[in-house]
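The points below may be read alongside the sequence and the model.

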Amino acid sequence: MVKTYEPVNECIYCGELGTAGNALTDEHILPFGLNGDHILPKASCRRCATVTSQFELKCLREAFGLYRSQKQFRSRKKSHKQIAEVINRYQNGNIQRAEYGANEVPKAVAFPVFPVPGILVGNDPCKDLSEDLLVKIHTSGRPPFSEQVEEVGMKLSITPQPLARMIAKIGYGFAVTTFSYAENRNWRGYCFQQLRDIILSPHLKPWYLVGCDYSNALVQSEIDNRFHAIQFVTIARESERGLAAIRIKLFADLDGPVYLVVLGEIDASNS
Ligand SMILES: [Zn+2]
């Protein structure tokens with residue numbers, strides 16, 4: 001079900017109020033291509049939308065392209081036909097690459113699994129955690145199979161950095177609705193500038209504020225979408241102010257990771 005929030009009338013990323021050359025556009029909290037239908041009208045300037053659509057498209061086409069096609073998710077490019085790359089190794093040792101239609105191979109998606117956000121464990125904000133990255137693969141169904149084939153390989157892509165930025169964007173967009181941005185302009189100060197910087201810049205390490213949640217607690221979704229779950233949470237810290245965060249589970253019916261985006265410190269006067 002499509003849900004449209006009140007217009008923000010300001011770019012939630014850079015603060016642009018909208019000009020003829022850089023107009024405000026509608027923002028999907030979950031990308032359109034992930035069947036997201038929660039819309040923030042006039043919430044992203046064109047310049048920022050150009051930046052965010054780049055990492056979103058990378059995730060949608062590469063990391064989730066095959067699975068989206070298999071599950072018939074929406075696509076703005078109707079003509080795009082997803083191909084699955086398969087490598088067959090035959091009993092005689094020959095190796096052959098083959099292409100199959102998305103529905104001729106098992107349903108598959110590879111999720112990058114991030115460490116916990118660095119802020120929760122006192123890391124340096126710039127620490128590179130890419131060496132701690134894991135991958136969780138979900139598959140179901142039978143591979144294309146013939147008697148002579150000894151081993152079947154299938155290509156799955158992961159896009160860790162673009163996905164971390166997409167997760168940051170989803171969390172931030174959802175937070176804007178949670179905190180009714182339009183009514184409370186001070187909210188921008190409350191949310192880490194660094195989160196917006198992560199969304200807008202490919203050169204920053206996102207791992208201080210974006211990561212995974214290892215609590216195993218169910219994501220109690222606060223968004224009406226049958227594919228994905230999003231939940232606002234607060235995280236207490238011992239001798240420091242608590243943190244506001246968003247938990248996100250993409251493709252919630254799969255056994256994928258729960259992503260965590262830290263938004264900012266909880267204002268003492270609000271807690
Ligand atoms: Zn902007």
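1. Two strands pair if DSSP finds at least two bridges between them. Helices (H or I, at least four residues) and strands (E, at least two) are DSSP runs, numbered from the N terminus. On these terms, strand β2 and strand β3 (residues 38-45) pair in the antiparallel sense, with 4 bridges between them. Within that pairing, Thr-25 has Ser-44 of β3 as its bridge partner.

2. A word on the basis of this note. The model is predicted: local features need pLDDT of at least 70 and side-chain atom pairs count only at pLDDT 80 or more, while totals for chains, interfaces and linings use all residues. Residues are numbered from 1 along each chain as its sequence is written.

3. The strands of point 1 belong to an open sheet of 3 strands, ordered β1-β3-β2, whose pairing is mixed. Because β1 (3-4) and β2 (24-28) each have a single partner strand, they stand at the edges, and one side of each lacks a neighbour in the sheet. Helix α1 (residues 46-63) lies across β2 and β3 and runs at about 115° to β3; axes here are lines fitted to C-alpha atoms, for helices over the stretch in contact, and angles run from 0 to 180 degrees between N-to-C directions. Two residues are in contact if their C-beta atoms, placed from the backbone, lie within 7 Å.

4. A further open sheet has 4 strands in the order β9-β12-β11-β10, with antiparallel pairing. Its edge strands are β9 (210-213) and β10 (229-235), each pairing on one side only. On average, neighbouring strands of this sheet are turned by 35° against each other, direction ignored. Between β10 and strand β11 (residues 243-249) there are 7 bridges, in the antiparallel sense; Ile-230 has Ile-248 in β11 as its bridge partner.

5. Strand β4 (residues 83-90) runs antiparallel to strand β5 (residues 95-101), and 7 bridges join them. The two form a hairpin with 4 residues between them, and Gly-93 in the turn has a positive phi of about 95°. β4 also pairs with strand β8 (residues 149-154), antiparallel and over 5 bridges, where Gly-153 of β8 is the bridge partner of Ile-87.

6. Asn-88 is found in β4, and its bridge partner in β5 is Gln-96. Asn-88 is partly exposed, because 19 other C-beta atoms lie within 10 Å. Not counting residues up to four places away in sequence, Asn-88 touches Gln-96, Ala-98, Val-149 and Val-152. Its C-alpha atom is separated by 9.5 Å from that of Ser-146, 58 residues apart along the chain.

7. A nonpolar core is a set of buried Ala, Val, Leu, Ile, Met, Phe, Trp, Tyr and Cys residues joined through C-beta atoms within 7 Å. The largest such core has 63 residues, and those with the most contacts inside it include Ile-167, Leu-195 and Val-261. Helix α3 (residues 160-178) gives the most to this core, with 10 residues. Leaving aside neighbours within four places in sequence, Ile-167 is in contact with Val-210, Ile-248, Tyr-259 and Val-261.

8. α3 is mostly covered, with 17 of its 19 residues buried.

Technical notes. Buried ≥ 20, exposed ≤ 12 C-beta atoms within 10 Å, placed from the backbone.
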